[in-house]
Amino acid sequence: MKYDKKVVIVTGGANGIGRGIVQAFTEEGATVVLADVDEPSGNSVQEQASSNGSVYFVKTDLRNPDEINNLFTFTKDKFGTIDILINNAGVSRFKNVYDLSVEEWDDVININLRATFLCSQAAAKVMRSNKKGGAIVSIASTRAFMSEPDSEAYAATKGGIVALTHALSMSLQDDLITVNSISPGWIETENYAHLRENDHKQHPSKRVGKPEDIARACLFLTDEHNDFITGENIIIDGGMTKKMIYEH
């Protein structure tokens with residue numbers, strides 16, 4: 001239970017990868033503050049995780065800086081500190097490049113990228129007073145490096161998160177705050193059993209990823225013994241971005 005005295009904030013923790021991350025930290029004994037706009041799912045995670053550790057759901061719309069401030073004020077006031085931040089929340093708007101509106105572009109940017117910066121900034125202001133600093137991990141994507149059509153807004157934010165990660169790692173070094181990112185590939189968050197055989201076989205790992213694959217990496221990067229790792233992006237995709245694909 002190496003995280004039994006740690007306070008962790010996970011954004012977008014009510015579903016999918018975020019839910020897996022919340023579960024992983026609670027199983028290690030952490031106190032987790034779960035931020036999400038999905039109130040029913042957030043309350044559900046809070047209730048289900050209570051047997052393993054302490055989970056507190058704070059309804060938060062990351063589009064709104066005031067709600068971000070409320071999230072960090074709540075956590076600091078209740079627990080006195082913040083040790084770890086996992087910037088997981090994100091949305092996608094895959095739409096024809098000729099039809100994507102300014103409002104749709106801004107919505108993706110504000111949730112995925114601007115909120116990642118604002119949450120990191122708010123967390124660092126608290127972490128800098130810790131004797132041992134803290135750790136920030138942001139969830140990017142392999143779409144920062146490779147693309148399908150009509151993914152411009154999403155790809156831009158995920159590429160931005162990778163760049164923001166190494167910039168923050170330099171800015172926060174004197175406060176002993178490590179900053180890293182994780183770029184997941186295909187992580188199935190809904191019905192793993194319904195995947196096709198070829199879905200698995202096309203991966204060099206011979207399987208599609210699961211939320212716990214990302215959660216374990218979050219535990220690794222936020223372990224105090226791994227403070228020599230900062231400014232890095234770890235790709236977790238079953239080897240797909242290293243695979244040279246030709247038609248035969």
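Me: Before we start, what should I know about the model and its numbering?
Reply: Residues are numbered from 1 along each chain as its sequence is written, and side-chain values use heavy atoms, with hydrogens and water left out. The model is predicted, local features need pLDDT of at least 70, side-chain atom pairs count only at pLDDT 80 or more, and totals for chains, interfaces and linings use all residues.

Me: How many salt bridges does the structure hold?
Reply: There are 14 salt bridges, each defined as a side-chain nitrogen of Lys or Arg within 4 Å of a carboxyl oxygen of Asp or Glu.

Me: Which residue forms a salt bridge with D107?
Reply: The partner is R63, and the closest N and O atoms are 2.6 Å apart. This pair links distant parts of the chain, 44 residues apart: R63 is in the loop between β3 (54–59) and α3 (65–79), while D107 is in helix α4 (residues 102–127). Helices (H or I, at least four residues) and strands (E, at least two) are DSSP runs, numbered from the N terminus.

Me: Is D107 buried or exposed?
Reply: D107 is buried, with a relative accessible area of 16%, whereas R63 is partly exposed at 34%. Buried means under 20% relative accessible area, exposed over 50%, and partly exposed in between (1.4 Å probe, protein chains only).

Me: And where do D175 and R128 lie?
Reply: D175 is in the loop between α5 and β6 (177–184), and R128 is in the loop between α4 and β5, 47 residues apart. Their side chains meet in a salt bridge at 4.0 Å, N to O. D175 is partly exposed at 22% relative accessible area, and R128 is exposed at 53%.

Me: What about K201 and E197, which helix are they in?
Reply: Both lie in helix α6 (residues 197–201), four residues apart, about one turn of the helix. K201 is partly exposed, at 48% relative accessible area, and E197 is exposed, at 54%.

Me: Changing topic: which residues form the nonpolar patch on the surface?
Reply: F145, M146 and I235 form it, with about 270 Å² of accessible area together. Areas come from the Shrake-Rupley method with a 1.4 Å probe, and for residues only the protein chains shown count as cover. Patches are made of residues with over 30% relative accessible area and no salt bridge; like charges are joined within 9 Å, and nonpolar side chains (Val, Leu, Ile, Met, Phe, Trp, Tyr) within 5 Å.

Me: Where does M146 lie?
Reply: M146 is in the loop between β5 (134–139) and α5 (152–171). M146 counts as partly exposed, because its relative accessibility is 41%.
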